[in-house]
Amino acid sequence: MMDQANKLREIIGNLKIKEPAEKVDDKVNLKSAKVITVTSGKGGVGKTNITINLAIALSEMGKRVTVMDADLGLGNIDVLLGVVPKYTLVDVIYNNKNIVEVLSEGPGNIKFVAGGSGIEDLAKLDNYQIQKFLANIALLDKISDIILIDTGAGLSDSVMNFVMAADEVILVTTPEPASITDAYAIIKAVSKRYSSKTVKLIVNMAENVTEAKNVTNKFSMVTQKFLEIDLQPLGFILQDNMVIKAVKAQQPFTISFPKSMAAKQIKEISKKLLDINNNANNSGGRTGIKSFVNRFVSILSG
């Protein structure tokens, strides 16, 4: 297993790619991206929509943001953006494309990598395919300040591998009991494997501020009492008809309805996220996609 990890590190170090259309400054290449996994305990909580709009809000604040669709079976970022990508992660794994070729331009100056459909869990791919995939995503450090990884929902090995390998985790839930129960299961799984990891919570689709705060407070109390894991509330997004209209139009609500309540709340969340990250960066908390790759390989090898 160590041989596989060493070979992967060698591939990353030696990998050569075609120059992207816009040449990257050498000083930029030295920077590390912040890798953030966005996940949820169950589907239908608006996780992907939050990921996209959070990316745009962060981009508006001057950050270079790349979104990677890691819902390897049911990726739909391209659908929500109304963009038809030329290539997907399928082409990186099977068709000898590098990650720069596969990147698509999204609205608000973000970039994204479409997940494609029908890919098996990464853990089930052969060693060569795993190595090629991981070596490619390591190149995202050159063009990104923040990488948001949109996982599938639930507790599958694929989802948890991305969760455990990321610098930090954003967990999305709604006030519905089933969503809360499944979100708690995610936190519990994380605490068992890596109790020092911080989980950031976003409550989506709350009816009002009181409901959102109640959910957040209960989560915080329960996790602190029974799991001893650091849960950081990032904020909430209330139910907003503009979000529904934007989804139907295949446009991010931050762009189609920038003055909507949801757009204002996602911008508040992005500001809080950057404030937290800036403090973490000052204390050495920024590790980059290459560290993510190494952690991911260790998890698969374990």
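Let's start with the sheet. It is open, has eight strands in the order 3-4-2-5-1-6-7-8, and its pairing is mixed. Two strands pair if DSSP finds at least two bridges between them. Helices (H or I, at least four residues) and strands (E, at least two) are DSSP runs, numbered from the N terminus. The edges are strand 3 (104-105) and strand 8 (231-238), and each of them pairs on one side only.

A word on the source. This is a predicted model, where local features need pLDDT of at least 70 and side-chain atom pairs count only at pLDDT 80 or more, while totals for chains, interfaces and linings use all residues. Residues are numbered from 1 along each chain as its sequence is written, and side-chain values use heavy atoms, with hydrogens and water left out.

Strand 1 (residues 34-40) and strand 5 (residues 146-153) run parallel, joined by six bridges. Take Val-38: its bridge partner in strand 5 is Asp-150.

What packs on the sheet? Helix 3 (residues 47-60) does. Helix 3 touches strands including strand 1, strand 5 and strand 8. Its direction makes about 175 degrees with that of strand 5. Helix 8 (residues 157-165) packs on the sheet too, touching strand 1, strand 2, strand 5 and strand 6. For helix 8, the angle with strand 5 is about 155 degrees. Axes here are lines fitted to C-alpha atoms, for helices over the stretch in contact, and angles run from 0 to 180 degrees between N-to-C directions. Contact means heavy atoms within 4.5 Å.

Next, the cores. A nonpolar core is a set of buried Ala, Val, Leu, Ile, Met, Phe, Trp, Tyr and Cys residues joined through side-chain atoms within 4.5 Å. Buried means under 20% relative accessible area, exposed over 50%, partly exposed in between (1.4 Å probe, protein chains only). The largest core has 34 residues, and Leu-54, Leu-148, Ile-170 and Ile-266 touch the most other members. Helix 3 gives the most to this core: seven residues. Ile-266 touches residues including Ile-50, Leu-54, Ile-237 and Phe-253, not counting residues up to four places away in sequence. A second, separate core has 31 residues, among them Ala-33, Leu-103, Phe-133 and Leu-134.

Zoom in on strand 6. Thr-173 sits there. Is Thr-173 buried or exposed? Thr-173 is buried, because its relative accessible area is 0%. Leaving aside neighbours within four places in sequence, its contacts include Ser-179, Ala-183, Leu-201, Val-203 and Phe-219.

Most residues other than glycine have a negative phi. Met-205, in strand 7, has a positive phi near 65 degrees. Met-205 counts as partly exposed, at 35% relative accessibility. Gln-250 has a positive phi of about 55 degrees. Gln-250 lies in the loop between helix 11 (241-248) and helix 12 (253-256), and is partly exposed at 37%.

Last, the whole chain. It has 14 helices and eight strands. Of its 302 residues, 52% count as buried. Among contacts between residues at least 6 apart in sequence, 82% join residues at least 24 apart.
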